[in-house]
Every structure is written in C-alpha cells, then in structure tokens.
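Please read the points below alongside the sequence and the coordinates.

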Amino acid sequence: MVSELRSPGARGHCVVIGGGLAGLSAACALVDQGVQVTLLEKRPFLGGRAYSFTDAETGQEVDNGQHVYLGCCTAYTGFLQQLGVFDRTTLQRRLRIPVVDRKGKVGLFSAAPFLPAPLHLIPSFLKFPHLGLRDKVRAGLAMLSIHRMDKEKNREALEGQTFRDWLKQHGQSDRSCDVLWNLITLPILNDSVSDVSAYMGIMAFQDGLLHGRNSANIGYSRVGLTELISDAAKDYITQHGGQVLLGNAATKLIITHSNVTGVDTGLEVLQADTVVSAVPWDVLPELLSPELAADRYFAPANKLEWSPIVGIHVWYDRPVMEEDFLAALDSPLQWVFNKSRIQGLPGPGQYLCVSMSGAWEHAPMAKEALRAMVLPELEQVFPEAATATVERFIVVKQLAATFRCTPGAQAHRLPQQTPVGNLVLAGDWTQTGWPATMESAVRSGRLAATEVVRALDAALSEPASS
Ligand SMILES: Cc1cc2nc3c(=O)[nH]c(=O)nc-3n(C[C@H](O)[C@H](O)[C@H](O)COP(=O)(O)OP(=O)(O)OC[C@H]3O[C@@H](n4cnc5c(N)ncnc54)[C@H](O)[C@@H]3O)c2cc1C
C-alpha cells in the first residue's frame, strides 16, 4: 500500500459496506490514505461475526463465540496495533496447549525452548500421552512431508481430496486423525479432517503450526470483542475524518457503464467514487442486479457454504478450572476457556466458555439437551465441577460462523478486483489464501484498501473529459 498520508478526502470518497473486521480494517487503512470513508453497517453495532454483548443476568461481556488468534496472524495483530488495543490481548510467548482426555490424563503440546521450528515440537510430542509410539512416528513423518511440501505445486490434487484421505495415504490411523490432526484442524478450519480439503488442512499445519517457533502461539482478548475491535475501530475511523452509519443497510449498488456511482440504502443514495463490499458472499448478490449476480465472475461464490460453531457459557459458584484454556479429547467439549482467568474477573464464581467447532451434531440440539450433555462432560474434565453450583448457562449458536473449506471451495472465493471497475471486494471469504478467520478478514480489508487507492489514483490521473 502507498504509505504517503494525505488530508481526508483528498483522494475521493469510498463507501464501505459492512462493519465486520474486513470492512473495519479496510476503512481504517483508507482513512490513513486520505480517502473520505463512509462505512455502512446494517446492524446497530459493529463487529460482524466477532462481537460481544452484555449478559443481562451476570452483567458480564459475552463474546458471540470464543475468538482465538495465532502468532502467525500478523495482519490481525497489526490491525490491533493500529487501533492501539493489542495490549488488551494476551499472546503466549511460547506455545503451550494442555490436552486432557476423559479419564483426566493430561498431556502438553508445547514448544521446547531454543529448538528451531519444527523441531521445537518434538520433545512434547514424544511425551504426549494420548498417542502410541507407532502413531507418533507416523504422525512425525506426515508432519515432515507437510513441512517440506510445496502445496501450490500440488494445489489441484490437494484441493480435490479431503485431508482425511491425504492423511490415510500417509499412514495416519483413525485415532491419530481424531486426537492429533483434528485437534488443530477443527478450531482453525471449523470442520473435521473428513470435511476439509487436503490443501487447506496442510495450509493450517504449515502456516499455523510448523512455520516458525512462535507461529502457533495462542492469543485471545482480555476484554469483550466489541470493546477490543468495534469501539476502537469506530473511534479510529471517526477521528481520522470518516463516518460510521449504524443500522444502515445497503440495498443496491447503483452501477452505470461498469462503474459504481452510488449506494442505495433505501432512504438515500450515497454518492461514491469507489465502493468496498465487505459483506458475506450470500449477501453480495442482493446488492447487484440479477444479471450481474449471475455473471461468471460473481456466480462461483454462490457455491460457498457455511459451517456452524456452538458456544456454551457456564458460570459456576466457585473455581473449577485452573488453566487459561485446554483442549478436551474424546469429548464434545473440544476446547474450554477460563474466561474468569483470561479476563481477570473477580470471584468467588468462575465463568467458563466451551467452544465447539464444526458443530454439525450439536447446533440442532435444544438448550436443555446441550446442558444435559455438557455439564457432565465438564465434571469429567474438572472434578470440582461436580460439587459446584451452576449459576448461569447460556448457549450461543452461530450457524453461519465460517465458510467451509471443503474440497474445491477455494475456486469459489473471489479476488478483490471485480469487473465493475471501482467495486472492490473484502471479506474473510475472498481470495486471501487463509481460512475463515479474523486474519483472513483483515488481510482482505487491507488488500481491498490497496485496490481502492489504486482505482482512485488512476481516476485522478485521467484527463477530464470535455
Ligand atoms: C462463533 C465464532 C467463532 C469464531 N472463532 C474464531 C477464532 O477463534 N479465530 C478467528 O480468527 N476467527 C474466528 N471466527 C471467524 C471470524 O469471526 C470471521 O472470520 C470474521 O469475523 C469475518 O469478518 P468479515 O468482516 O469478513 O465478515 P462479517 O463479520 O460477517 O462482516 C460482515 C458485516 O456486513 C454486515 N452487512 C451484511 N449485509 C449488509 C448490508 N446489506 N449493508 C450493510 N452491512 C451489511 C453484517 O451485519 C456484518 O457486520 C469465528 C466466528 C464465529 C461466528
């Protein structure tokens, strides 16, 4: 991106549609570049799929789902730094994931000091109690293949098969798929190894786990997501001369001669020199004419699909968990976060969040059925929970949480540039190379901002027509 700063509006006006991380990061990058920005958000609050709300009964901030970032998420952490809020998150200095099975056996997946990647994982992996020696050796060899692989060279073949098929071809047992490969695949790709493409599964391990000593270090917010991201981004945009319009949905793009001239909100038409659409792929067609939505450029995105996440929030009357978080094996709990500890909440009670990714089985379940399933599971992992009282139990289901990385799905992601000259796309689902994550959303926002600046500068340098 051009780094030179200009006075607000000097480069023209850009309407950004959608106030999720993609739209917010695009808007923040654009105001930095002297572009006059108007951000339209349909809902009365910002954040999109990453927001928090105040629980009326406990008065605590509850995220719509536990959001974790990794050390390799440089665009996301860069965005938090731009907003001045990075220090409200915790990022591990060294990877450390406690992994507990239903019998209470605890293993540690951690980085050894001083060893370079990927050797830094070997000592803890050798001691990992949840896999036998044979599985460990085979898993080690598969990791080595992944580490050395040029996945772009093999992209077509890898996108054409599931990760599980690839793992099976590389000698992985069912147990290894469940215990090891799904431990990383489920939370990063929000689907199991049986559903994701080998290409994206390998990407998650290459970039997320094996790339560098700190690439898999786990980070999370110590405040609610709305305070962390939305409030700070709104302040940033408005303090840099931009405008944020909440409760304002775009209903149609006004397009003439392959150029967007404005955005219709149903109440008014906002004139625009450029437009960033940062809405999900299934909203975009509503903004286009039926002919354009069916155009061979836009149409592939209609084939993307959603995958669900279920978050369960439990308040106990006393502490039952010691760690900040842990992964639970052979259990529907998957990952449990100690929100009281992470957020420094006062006692005497304790607030835990259970995060269930790829929650195909659990998303249709009623709250009482989930309660009947989850509480005994928590008692299994945290014996103190058996004698504690549950003071509050909330379920937050996000059926449209992330786009699926099934085989072939990468071909349905659209690039930032569109056939409509000054319409630019952003969103975690666009072609960033990343799965549906905050990192992908911010990358897309920044790529979109670069495109907008390029388009505005090109328009400014065109001779005026007589
Ligand atoms: C429960 C849950 C847990 C998650 N956990 C993680 C995690 O641990 N780590 C991680 O990295 N990612 C996680 N994610 C994914 C992450 O939240 C998303 O990838 C990211 O927030 C997507 O941002 P976005 O801006 O691309 O899209 P969105 O957040 O969907 O933003 C789109 C915005 O457009 C608005 N909009 C829609 N239509 C219109 C319209 N017509 N006019 C104006 N505005 C409109 C929407 O209201 C929304 O605000 C999780 C997601 C969920 C749901």
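1. Start with G71. G71 sits in the loop that runs between β5 (68-70) and α2 (74-83); helices (H or I, at least four residues) and strands (E, at least two) are DSSP runs, numbered from the N terminus. G71 counts as partly exposed because its relative accessibility is 27%.

2. A word on the basis. This is a predicted model, in which local features need pLDDT of at least 70, side-chain atom pairs count only at pLDDT 80 or more, and totals for chains, interfaces and linings use all residues. Residues are numbered from 1 along each chain as its sequence is written, and side-chain values use heavy atoms, with hydrogens and water left out.

3. Which residues does G71 contact, leaving aside neighbours within four places in sequence? They are L91, N214, S215, A216 and N217, where contact means heavy atoms within 4.5 Å. G71 and N214 are 143 residues apart in sequence, yet 5.7 Å apart from C-alpha to C-alpha.

4. Domains next. The protein is split into domain 1 (13-50 + 224-304 + 412-461), domain 2 (93-216) and domain 3 (305-403); the bounds come from an automatic or database domain assignment. Between domain 1 and domain 3, the C-alpha centres are 34 Å apart. Their contact involves 13 residues of domain 1 and seven residues of domain 3.

5. Now the ligand. It is surrounded by 35 residues, and the closest are E41, R49, H67, V68 and D428; near means that a heavy atom of the residue lies within 4 Å. By class, the shell holds 17 nonpolar, 13 polar and five charged residues. Here Ala, Val, Leu, Ile, Met, Phe, Trp, Tyr, Cys and Pro count as nonpolar, Asp, Glu, Lys and Arg as charged, and the others, Gly among them, as polar. Domain 1 and domain 3 each give the shell at least three residues. α1 (21-32), β19 (390-403) and α14 (438-461) each supply at least two.

6. A polar backbone atom of R49 is 2.7 Å from a ligand oxygen. For V68, a backbone N or O atom lies 2.7 Å from an oxygen atom of the ligand.

7. Last, S440 in helix α14. S440 counts as buried because its relative accessibility is 0%. Its side chain reaches the backbone oxygen of D428 at 2.7 Å.

Note on methods. A polar contact is a pair of N or O atoms within 3.5 Å; within protein, one must be able to donate a hydrogen and the other to accept it, and residues adjacent in sequence count only if both atoms are side-chain atoms. Buried means under 20% relative accessible area, exposed over 50%, partly exposed in between (1.4 Å probe, protein chains only).
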